[in-house]
Amino acid sequence: MVSRAFAKKVRIAPSLLAADFARLKDQIAQVEEGGADWLHVDVMDGVFVPNLSFGTKVIETCRSISKLPLDVHLMVVEPEKYFDAFAKAGASVMTIHVETAPHLHRQLMRIKELGCAAGAVMNPGTPLDSVREVATDLDLLLIMSVNPGFGGQAFIPEALGKIRRARALLDAVGSSAALEVDGGISRETINACWRAGADTFVAGNGVFGARDPAAEIRALRALCAEMV
Ligand code: DX5
Ligand code: ZN
(Lines give C-alpha, C1' and ligand atoms only; values in the text may rest on other atoms or scores of the structure.)
(Ligands and ions follow the chains in the order given, each with its own letter.)
Protein backbone atom coordinates (compact mmCIF):
# COMPACT_ATOMS: atom_id res chain seq x y z
CA MET A 1 0.00 0.00 0.00
CA VAL A 2 1.24 3.51 -0.75
CA SER A 3 1.40 6.19 1.90
CA ARG A 4 -1.67 8.37 2.20
CA ALA A 5 0.29 11.48 3.13
CA PHE A 6 0.87 12.44 -0.46
CA ALA A 7 1.27 16.20 -0.58
CA LYS A 8 4.34 18.44 -0.92
CA LYS A 9 6.50 16.37 -3.23
CA VAL A 10 6.89 16.50 -6.99
CA ARG A 11 5.72 13.24 -8.53
CA ILE A 12 6.04 12.36 -12.19
CA ALA A 13 3.66 9.64 -13.36
CA PRO A 14 4.33 8.54 -16.95
CA SER A 15 1.15 7.38 -18.67
CA LEU A 16 1.60 3.94 -20.19
CA LEU A 17 -1.07 4.74 -22.75
CA ALA A 18 1.70 6.40 -24.78
CA ALA A 19 4.23 3.59 -24.28
CA ASP A 20 5.26 1.17 -27.00
CA PHE A 21 3.53 -2.01 -25.81
CA ALA A 22 5.73 -4.24 -27.93
CA ARG A 23 8.52 -3.33 -25.51
CA LEU A 24 6.62 -2.44 -22.37
CA LYS A 25 9.26 -3.88 -20.06
CA ASP A 26 12.01 -1.72 -21.61
CA GLN A 27 9.80 1.37 -21.55
CA ILE A 28 9.06 0.87 -17.86
CA ALA A 29 12.77 0.33 -17.18
CA GLN A 30 13.50 3.63 -18.97
CA VAL A 31 11.08 5.65 -16.89
CA GLU A 32 12.28 3.96 -13.70
CA GLU A 33 15.81 4.95 -14.61
CA GLY A 34 14.60 8.53 -15.07
CA GLY A 35 13.16 8.52 -11.54
CA ALA A 36 9.45 8.13 -12.30
CA ASP A 37 7.48 8.12 -9.07
CA TRP A 38 4.33 6.32 -10.21
CA LEU A 39 3.13 4.50 -13.32
CA HIS A 40 -0.17 5.93 -14.58
CA VAL A 41 -2.47 3.27 -16.02
CA ASP A 42 -5.43 4.54 -18.09
CA VAL A 43 -8.38 2.15 -18.10
CA MET A 44 -11.01 3.06 -20.73
CA ASP A 45 -14.23 1.17 -21.42
CA GLY A 46 -15.44 2.65 -24.72
CA VAL A 47 -18.62 3.83 -22.93
CA PHE A 48 -17.61 6.60 -20.54
CA VAL A 49 -14.95 7.66 -23.05
CA PRO A 50 -14.89 6.98 -26.79
CA ASN A 51 -11.88 4.68 -26.66
CA LEU A 52 -10.83 1.30 -25.33
CA SER A 53 -7.53 0.65 -23.62
CA PHE A 54 -6.67 -2.07 -21.11
CA GLY A 55 -7.63 -3.58 -17.77
CA THR A 56 -6.77 -6.18 -15.16
CA LYS A 57 -4.25 -8.13 -17.24
CA VAL A 58 -2.11 -5.08 -17.97
CA ILE A 59 -2.23 -3.96 -14.32
CA GLU A 60 -1.02 -7.43 -13.35
CA THR A 61 1.74 -7.29 -15.95
CA CYS A 62 2.93 -3.87 -14.76
CA ARG A 63 2.88 -5.13 -11.18
CA SER A 64 5.09 -8.05 -12.14
CA ILE A 65 7.55 -5.79 -14.00
CA SER A 66 7.83 -2.85 -11.58
CA LYS A 67 7.75 -2.00 -7.91
CA LEU A 68 6.52 1.55 -8.57
CA PRO A 69 3.05 2.47 -7.30
CA LEU A 70 0.43 1.87 -9.99
CA ASP A 71 -1.81 4.91 -10.38
CA VAL A 72 -4.92 3.50 -12.02
CA HIS A 73 -7.26 6.02 -13.69
CA LEU A 74 -10.68 4.46 -14.27
CA MET A 75 -12.43 6.05 -17.25
CA VAL A 76 -15.32 3.62 -17.03
CA VAL A 77 -18.97 3.53 -16.07
CA GLU A 78 -19.79 1.59 -12.87
CA PRO A 79 -16.17 1.68 -11.72
CA GLU A 80 -17.00 -0.35 -8.58
CA LYS A 81 -17.31 -3.45 -10.77
CA TYR A 82 -13.54 -3.45 -11.18
CA PHE A 83 -12.29 -2.48 -7.72
CA ASP A 84 -11.67 -5.98 -6.39
CA ALA A 85 -9.98 -7.25 -9.53
CA PHE A 86 -7.76 -4.19 -9.91
CA ALA A 87 -6.75 -4.21 -6.24
CA LYS A 88 -5.88 -7.90 -6.51
CA ALA A 89 -3.93 -7.23 -9.71
CA GLY A 90 -1.74 -4.74 -7.86
CA ALA A 91 -3.26 -1.27 -8.20
CA SER A 92 -1.89 1.15 -5.59
CA VAL A 93 -4.16 4.13 -6.30
CA MET A 94 -7.60 3.94 -7.93
CA THR A 95 -9.10 7.17 -9.18
CA ILE A 96 -12.73 7.37 -10.26
CA HIS A 97 -14.62 9.97 -12.27
CA VAL A 98 -17.28 11.85 -10.34
CA GLU A 99 -19.43 11.77 -13.50
CA THR A 100 -19.78 7.99 -13.17
CA ALA A 101 -19.84 7.78 -9.38
CA PRO A 102 -23.27 8.66 -7.95
CA HIS A 103 -22.24 7.05 -4.66
CA LEU A 104 -18.89 8.76 -4.56
CA HIS A 105 -18.36 8.52 -0.81
CA ARG A 106 -19.23 4.84 -0.67
CA GLN A 107 -17.06 4.09 -3.67
CA LEU A 108 -14.04 5.91 -2.21
CA MET A 109 -14.46 4.03 1.07
CA ARG A 110 -14.55 0.72 -0.79
CA ILE A 111 -11.29 1.53 -2.57
CA LYS A 112 -9.66 2.23 0.80
CA GLU A 113 -11.08 -0.97 2.30
CA LEU A 114 -9.25 -2.83 -0.42
CA GLY A 115 -5.98 -1.30 0.75
CA CYS A 116 -5.60 1.19 -2.11
CA ALA A 117 -5.39 4.96 -2.06
CA ALA A 118 -8.63 6.57 -3.26
CA GLY A 119 -8.80 9.35 -5.82
CA ALA A 120 -11.52 11.39 -7.49
CA VAL A 121 -11.28 13.06 -10.89
CA MET A 122 -13.50 15.29 -12.95
CA ASN A 123 -13.70 16.23 -16.61
CA PRO A 124 -12.79 19.79 -17.66
CA GLY A 125 -16.49 20.71 -17.87
CA THR A 126 -17.39 19.36 -14.43
CA PRO A 127 -17.28 21.77 -11.48
CA LEU A 128 -14.80 21.33 -8.66
CA ASP A 129 -17.78 21.52 -6.28
CA SER A 130 -18.54 17.90 -7.18
CA VAL A 131 -15.79 16.78 -4.77
CA ARG A 132 -16.25 19.39 -2.05
CA GLU A 133 -18.20 17.12 0.32
CA VAL A 134 -15.63 14.31 0.11
CA ALA A 135 -12.51 16.51 0.19
CA THR A 136 -11.36 15.13 3.55
CA ASP A 137 -11.76 11.54 2.33
CA LEU A 138 -9.53 11.90 -0.71
CA ASP A 139 -6.01 10.54 -0.97
CA LEU A 140 -5.74 12.09 -4.41
CA LEU A 141 -7.58 14.71 -6.41
CA LEU A 142 -7.04 14.60 -10.16
CA ILE A 143 -7.78 17.55 -12.40
CA MET A 144 -8.21 16.67 -16.09
CA SER A 145 -6.54 19.19 -18.36
CA VAL A 146 -7.93 17.49 -21.49
CA ASN A 147 -11.20 15.71 -22.16
CA PRO A 148 -10.39 12.10 -21.29
CA GLY A 149 -10.16 9.34 -23.87
CA PHE A 150 -7.00 9.98 -25.83
CA GLY A 151 -3.37 10.81 -25.28
CA GLY A 152 -1.58 13.55 -27.17
CA GLN A 153 -4.22 16.28 -26.82
CA ALA A 154 -3.52 19.96 -26.17
CA PHE A 155 -3.54 21.22 -22.58
CA ILE A 156 -6.69 23.23 -21.76
CA PRO A 157 -5.41 26.45 -20.11
CA GLU A 158 -8.57 26.88 -17.99
CA ALA A 159 -7.36 23.88 -15.97
CA LEU A 160 -4.92 26.21 -14.22
CA GLY A 161 -7.68 28.10 -12.44
CA LYS A 162 -9.23 24.81 -11.39
CA ILE A 163 -5.90 23.57 -10.01
CA ARG A 164 -5.60 26.80 -7.97
CA ARG A 165 -9.11 26.37 -6.58
CA ALA A 166 -8.47 22.68 -5.88
CA ARG A 167 -5.28 23.58 -3.99
CA ALA A 168 -7.26 26.09 -1.91
CA LEU A 169 -9.96 23.51 -1.22
CA LEU A 170 -7.48 20.85 -0.03
CA ASP A 171 -5.60 23.38 2.10
CA ALA A 172 -8.85 24.67 3.60
CA VAL A 173 -9.79 21.21 4.88
CA GLY A 174 -6.22 20.38 5.94
CA SER A 175 -5.94 17.57 3.41
CA SER A 176 -2.61 16.02 2.48
CA ALA A 177 -4.07 14.50 -0.68
CA ALA A 178 -1.99 14.53 -3.83
CA LEU A 179 -3.15 17.10 -6.38
CA GLU A 180 -2.59 15.55 -9.80
CA VAL A 181 -3.01 16.94 -13.30
CA ASP A 182 -3.50 14.81 -16.41
CA GLY A 183 -3.43 15.73 -20.08
CA GLY A 184 -1.04 17.68 -22.27
CA ILE A 185 1.71 17.87 -19.64
CA SER A 186 5.05 18.77 -21.20
CA ARG A 187 8.00 21.10 -20.72
CA GLU A 188 5.68 23.91 -21.89
CA THR A 189 2.90 23.34 -19.34
CA ILE A 190 4.32 21.67 -16.23
CA ASN A 191 5.72 24.73 -14.49
CA ALA A 192 2.43 26.64 -14.66
CA CYS A 193 0.63 23.63 -13.15
CA TRP A 194 3.22 23.37 -10.39
CA ARG A 195 2.89 27.04 -9.57
CA ALA A 196 -0.89 26.68 -9.54
CA GLY A 197 -0.50 24.06 -6.80
CA ALA A 198 -0.33 20.65 -8.47
CA ASP A 199 2.27 18.21 -7.15
CA THR A 200 1.71 15.11 -9.28
CA PHE A 201 2.02 15.18 -13.06
CA VAL A 202 0.80 12.58 -15.53
CA ALA A 203 2.70 12.71 -18.81
CA GLY A 204 2.12 10.31 -21.69
CA ASN A 205 3.41 11.66 -24.97
CA GLY A 206 5.50 14.21 -23.11
CA VAL A 207 7.62 11.33 -21.74
CA PHE A 208 7.27 8.42 -24.16
CA GLY A 209 7.29 10.67 -27.23
CA ALA A 210 10.66 12.07 -26.18
CA ARG A 211 13.89 10.72 -27.67
CA ASP A 212 15.10 9.88 -24.16
CA PRO A 213 12.19 9.23 -21.75
CA ALA A 214 14.49 9.04 -18.71
CA ALA A 215 16.06 12.43 -19.45
CA GLU A 216 12.61 13.88 -20.11
CA ILE A 217 11.39 12.91 -16.65
CA ARG A 218 14.42 14.61 -15.10
CA ALA A 219 13.76 17.71 -17.21
CA LEU A 220 10.08 17.84 -16.20
CA ARG A 221 10.98 17.48 -12.53
CA ALA A 222 13.62 20.22 -12.77
CA LEU A 223 11.04 22.59 -14.28
CA CYS A 224 8.87 22.23 -11.19
CA ALA A 225 11.66 23.56 -8.99
CA GLU A 226 11.89 26.72 -11.10
CA MET A 227 9.63 29.48 -9.83
CA VAL A 228 9.73 31.36 -13.15
C1 DX5 B 1 -6.37 10.82 -21.22
C2 DX5 B 1 -5.61 10.03 -20.21
C3 DX5 B 1 -4.24 10.53 -20.00
C4 DX5 B 1 -3.35 10.44 -21.20
C5 DX5 B 1 -2.39 11.59 -21.12
O6 DX5 B 1 -7.65 10.37 -21.28
O7 DX5 B 1 -6.27 10.06 -18.97
O8 DX5 B 1 -3.62 9.92 -18.87
O9 DX5 B 1 -2.63 9.23 -21.28
O10 DX5 B 1 -1.67 11.64 -22.28
P11 DX5 B 1 -0.84 12.93 -22.70
O12 DX5 B 1 0.15 13.19 -21.61
O13 DX5 B 1 -0.19 12.49 -23.98
O14 DX5 B 1 -1.79 14.08 -22.88
ZN1 ZN C 1 -5.11 9.35 -17.19
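Predicted model: local features only at pLDDT ≥ 70, side-chain atom pairs only at ≥ 80, totals over all residues.

Which backbone oxygen does the side chain of serine 64 reach?

1. Serine 64 and its contact. The side chain of serine 64 reaches the backbone oxygen of threonine 61, at a distance of 2.7 Å. Serine 64 belongs to helix 2, which spans residues 56-65.

2. Exposure of serine 64. Serine 64 has a relative accessible area of 61% and is therefore classed as exposed, the cut-off for that class being over 50%. Between the C-alpha atoms of serine 64 and aspartate 20 the distance is 17 Å, with 44 residues separating the two in sequence.

3. Valine 131. Is valine 131 buried or exposed? Its relative accessible area is 0%, so valine 131 counts as buried, given that buried means under 20%. Valine 131 is found in the loop that links strand 5 (117-122) to strand 6 (140-144). The C-alpha atom of valine 131 lies 7.6 Å from that of valine 98, although 33 residues separate them along the chain.

4. Placement of ligand 1. The largest pocket holds ligand 1. Around the ligand there are 20 residues, and the closest are Asp42, Gly149, Asp182, Gly204 and Asn205.

5. Polar contacts of ligand 1. Which atoms of the protein approach the oxygen atoms of ligand 1? For aspartate 42 it is a polar side-chain atom, 2.8 Å from a ligand oxygen. Glycine 149 contributes a polar backbone atom, with a ligand oxygen at 2.7 Å. Glycine 184 likewise places a backbone N or O atom 2.8 Å from an oxygen atom of ligand 1. Taken alone, ligand 1 exposes 390 Å², of which the protein buries 99%.

6. Composition of the shell. At least two shell residues come from each of strand 2 (39-44), strand 3 (70-75) and strand 8 (200-203). Strand 2 gives the most, with 3 residues.

How values were computed. Residues numbered from 1 in each chain as written. Chains lettered and ligands numbered in written order. Heavy atoms only, no water. Near = heavy atom within 4 Å. Polar contact = N/O pair within 3.5 Å; in protein donor to acceptor, adjacent residues only side chain to side chain. Areas by Shrake-Rupley, 256 points an atom, 1.4 Å probe, with all protein chains shown as cover. 1 Å grid on protein atoms, 1.4 Å probe; cavity = no way out; pocket = protein on both sides within 12 Å on 5 of 7 lines; lining within 4 Å. Sits in = over half its atoms within 2 Å of the grid points. Helix = DSSP H or I, 4+ residues; strand = E, 2+ residues; numbered from the N terminus. Buried < 20%, exposed > 50% of the residue type's maximum accessible area, 1.4 Å probe, protein only.
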